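Student: I am new to this structure and would like to know what stands behind the words used for it. Could we go through them together?

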Amino acid sequence: MYLNPRILGSGERTLVLSHGYGGSQAIWDMMLPHLARRNKVLLFDWDFSSAPDAGEEGEQSCYTFSRFADELVALMDEMKLSGAVYVGHSFAGMVGCIASVKRPDLFAYLVLVGASPRYMNSEDYEGGFDKSDIEAMLGSIASDFRGWAEGFVPLAVGSADPSAVEPLARSFFAMDPRAAHGLARMIFLGDQRGVLDDVAVPCTLVHVSRDFAAPPCVGRYMQARMLAARCPAAAMETIDSVGHFPQLVAPDELLGILDLVLGDAHEDADGEETAAAAAALADEMSSEVPAGGFAEAAPEVQGDIDVAT
């Protein structure tokens, strides 16, 4: 369930960058020149492009958070990594939490970007979506995934800027509709709140102030629950921005948080060392384009967008 693993950069620390639903490793591209100057950075793609094995029943049973966590553990073992700083975006944040419970030796720190253990609202919990919202969204994905994605992607990014939208749109449109529906069911109908009680790796929760999918109240819930259980440290940082993808619309702010986690200070972006490292990394990236790339261009999207569009 993972594809195209590669390590860029060098250093004593290893960062594992894990993308969320519908994405690919390309969503980290704007941050890579900075991160890879002093760190080894593992990137990979979750295999969202292939369909479930068999029918509706197969679709619903094929995807589980635990299975993704097992795949993450297998990948890190394959790459001979341990004590890594794991940066998990969206659903991959909870995948990292589960993997850290299974194999705490692999993780020194968790950075959970826009993570959520539960998307559905209830009487004692605010997840961001009412049950009717989720049912409408799943219905739209099942009936017209392409049409739904054309509306959802710019809403999720929080910007109509093509340079921000297109990296995500390409990977969204490469998904098999059955895979997209099965994953969406797993994510939006799931409840991983109990996992938070078992996380024993220190972490930082990063949320965007105006994120419809994982609002800051979700991060505050996660922080309180983790600190009340086994987690030795759980900080929370809020980025003043819009949307669910700070890597694409607020990369400098997210890098600032990661620098604090890693103990780094920002250096002058015009410095010779930074420029040379960025140029070298650009050459390395251009020679390691993942196989099975997403070649289809993103469509133009105009007007207001509803989650269930």
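Student: What is the mean pLDDT of the chain, and how many of its residues reach 70 or more?

Tutor: The mean pLDDT is 86, and 81% of the residues reach 70 or more. pLDDT is the predictor's confidence in each residue, from 0 to 100. This is a predicted model, so local features need pLDDT of at least 70 and side-chain atom pairs count only at pLDDT 80 or more, while totals for chains, interfaces and linings use all residues. Residues are numbered from 1 along each chain as its sequence is written, and side-chain values use heavy atoms, with hydrogens and water left out.

Student: Where does pLDDT stay under 50?

Tutor: Residues 266-282 are one such stretch, with 19 contacts beyond four places in sequence; contact means heavy atoms within 4.5 Å. Residues 284-309 are another, with 48 such contacts. Where pLDDT is low, the predicted coordinates should not be read in detail.

Student: What makes up the secondary structure of the chain?

Tutor: Twelve helices and seven strands. Helices (H or I, at least four residues) and strands (E, at least two) are DSSP runs, numbered from the N terminus.

Student: How do you know that the span of helix H9 is close to the expected one?

Tutor: The expected span is 1.5 Å times one less than the number of residues. H9 (residues 216-228) has 13 residues, and its reach from first C-alpha to last is 18 Å, close to the expected 18 Å.

Student: Which residues of H9 are buried, and what covers them?

Tutor: Pro-216, Cys-217, Val-218, Gly-219, Met-222 and Met-226 are buried. Their cover includes helix H4 (91-102) and the strands E5 (107-113), E6 (203-210) and E7 (234-242).

Student: Why is Ser-241 called buried?

Tutor: Buried means under 20% relative accessible area, exposed over 50%, and partly exposed in between (1.4 Å probe, protein chains only). Ser-241 has a relative accessible area of 12%, so Ser-241 counts as buried. This serine is found in strand E7. Beyond its neighbours within four places in sequence, Ser-241 is in contact with Val-208, Ser-209, Arg-210, Val-249 and Ala-250.

Student: Why is the pair of Tyr-86 and Phe-107 called edge-to-face?

Tutor: Rings of Phe, Tyr and Trp (its six-membered ring) pair if their centres lie within 6.5 Å; planes under 30 degrees apart count as stacked, over 60 as edge-to-face and the rest as tilted. The structure holds 18 aromatic pairs. In this one the centres are 5.8 Å apart and the planes stand at 85°, so the pair is edge-to-face. Tyr-86 lies in strand E4 (residues 84-89) and Phe-107 in E5, so the pair ties together parts 21 residues apart in sequence. Both residues are buried.

Student: What makes Phe-129 and Phe-212 an edge-to-face pair?

Tutor: Their rings are 6.2 Å centre to centre, with 75° between the planes. Phe-129 lies in the loop between E5 and helix H5 (131-143) and Phe-212 in the loop between E6 and H9, so the pair ties together parts 83 residues apart in sequence.

Student: Are Phe-129 and Phe-212 buried or partly exposed?

Tutor: Phe-129, with a relative accessible area of 4%, is buried, whereas Phe-212, at 24%, counts as partly exposed.

Student: How do you know that the charged end of Arg-193 sits over the ring of Tyr-125?

Tutor: A charge sits over a ring if NZ of Lys or CZ of Arg is within 6 Å of the ring centre and within 35 degrees of the ring normal. The charged end of Arg-193 is 4.8 Å from the ring centre of Tyr-125. Arg-146 lies over the face of Phe-173, at 3.9 Å from the ring centre.
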